[in-house]
Amino acid sequence: MIVRRRWGWTFAIAALSLFGSVNDFGTPARAQVQRSGEPSEASPPNLTGDWGGVRSYLERNGITFTLNYTNDFLANIGGGIKPGAIGLGVFQPQLDLDLEKLAGWEGGKFHTHGLITHGPFFSPTYLGNILAVSNLEAGPVARLYSFWYQQNAFNDRLSVRAGLMSADSLFLQSKTAANFINNGISWPEFLAANLPAGGPAYPLPDPGIRVQIKPLDEMAFQAAVFSGDPSGRNGSNQSLPLPTGTVISFRGGAFLIAEASYLPNQGKDAKGLPGAYRIGAWYHTSPRFGDQRFDNTGLSLANPLSTGIPFDHIGDGGVYGVIDQMLYRVRGTDDQGLSAFVRAGGVPNDRNLINFYADGGLLYKGLIPHRPEDKIGVAAAYARVGNNARGLDSDIGFFSNSFYPVRSGETMVEMMYQAQLAPWWMVQPEVQYIIRPGGGVLNSDGGLRPNAWVIAIRSALSF
């Protein structure tokens, strides 16, 4: 209780200091975490200004530099493995080239940026949970995070992108969900927990090619193929440490994903409320998706006679859906009001730790008078442990003739307030509550891992 109160007071003082200062600024912040597929907007607000006119000159000629730094303070104040707090962060220098402005090459765009992270892992150390608290958690790494060329044609109805990139910035997208920091919401766990090295997503990009067709303003279709294992290994879904440097791999099979989107009321003059409705499917060709219960001879992996080598399944796949809808808009504004999102996806039980995932949430922009850019929101996510992984838990209890809990699933609730302190600075204090960390497992002392409370403060700056 002493530890809980101490961190609670720390968070309260920080939050009061924060909100005491927000009225000194009246312009919206746009500093956000950049995923590897997101080109920077022209003339993004930034702390260092126009560099004596150099920045605006370069942008008029198709060259945009962006320097983003995001850091999180995270504290487990109770539950999980043990209480504790850390700081971590990521620096992302980016370069975007508009080749039409720069060289007269119509529809051509080039994007690249680096990734430099610092700080230890928080969730594995203090929580032992499935849905990592922060979408910045990567350990200390430095790598080339993206390097791609995109060609648009037919008045942007066709777009082809190829190079080093990630799927998490292109597929399963929700503008509402993007405001929350839990990593399960950033890259849903039915993919992150099951694909080799977590799939082509933060913090590991992958060589790939994406084709997008937009026959109508309200319809879009896209499909992509990525190299199968962004870590450079052989496409196994077994959990292994990730590399810390740049990896450009063509090993481990191939990851294919396709998505159809219905996008009503996206134009500025649209009378209805904007929304996005997506359905998608994916398939991975690797022959090394290890079974979650049985070995290569058909015995349970918990059996003392087992080889300890999981049976390998050929391929893996799944389906998903996304709903992102504005529910209420303040009269006379473009985007102030209430929005909601819901996403869900499923995969086979036998070769996947998480066989079903769902999340959803609500976000209100401009709730507080004179703070039109601030946002307040709540979201929840649920990851279900697959039947074969549950069966292995039962087998462990049977063969050990002792109590061993059968995992069910993990639930996370995130409550946040996003304060736009300046055009180039965003601060987001929040609380997360994790129910059954790890799905319902034992701590080292033999007791069940208790539900956990986490407080966090994110700060994002654009230089």
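Hi everyone. Let me start with a term: a contact here means heavy atoms within 4.5 Å. With that in hand, residues 24 or more positions apart account for 68% of the contacts in the protein chain that have a separation of 6 or more.

A quick word on where this comes from. This is a predicted model, with local features needing pLDDT of at least 70 and side-chain atom pairs counting only at pLDDT 80 or more, while totals for chains, interfaces and linings use all residues. Residues are numbered from 1 along each chain as its sequence is written, and side-chain values use heavy atoms, leaving out hydrogens and water.

Now the overall picture. The protein chain has 7 helices and 18 strands, taken as DSSP runs (helices H or I, at least four residues; strands E, at least two) and numbered from the N terminus. Its C-alpha atoms fill a box of roughly 70 × 55 × 40 Å along the principal axes. Of the 463 residues, 52% are buried, meaning under 20% relative accessible area with a 1.4 Å probe, protein chains only.

Let's zoom in on one strand. What covers residues 108–118? That is strand β3, and 8 of its 11 residues are buried. On one side, strand β2 (residues 84–98) runs antiparallel to β3, joined by 8 bridges; phenylalanine 91 has isoleucine 116 in β3 as its bridge partner. Strand β4 (residues 142–153) is also antiparallel to β3, with 9 bridges between them, and histidine 113 has serine 146 in β4 as its bridge partner. For pairing, DSSP has to find at least two bridges between two strands.

Key: Buried < 20%, exposed > 50% of the residue type's maximum accessible area, 1.4 Å probe, protein only.
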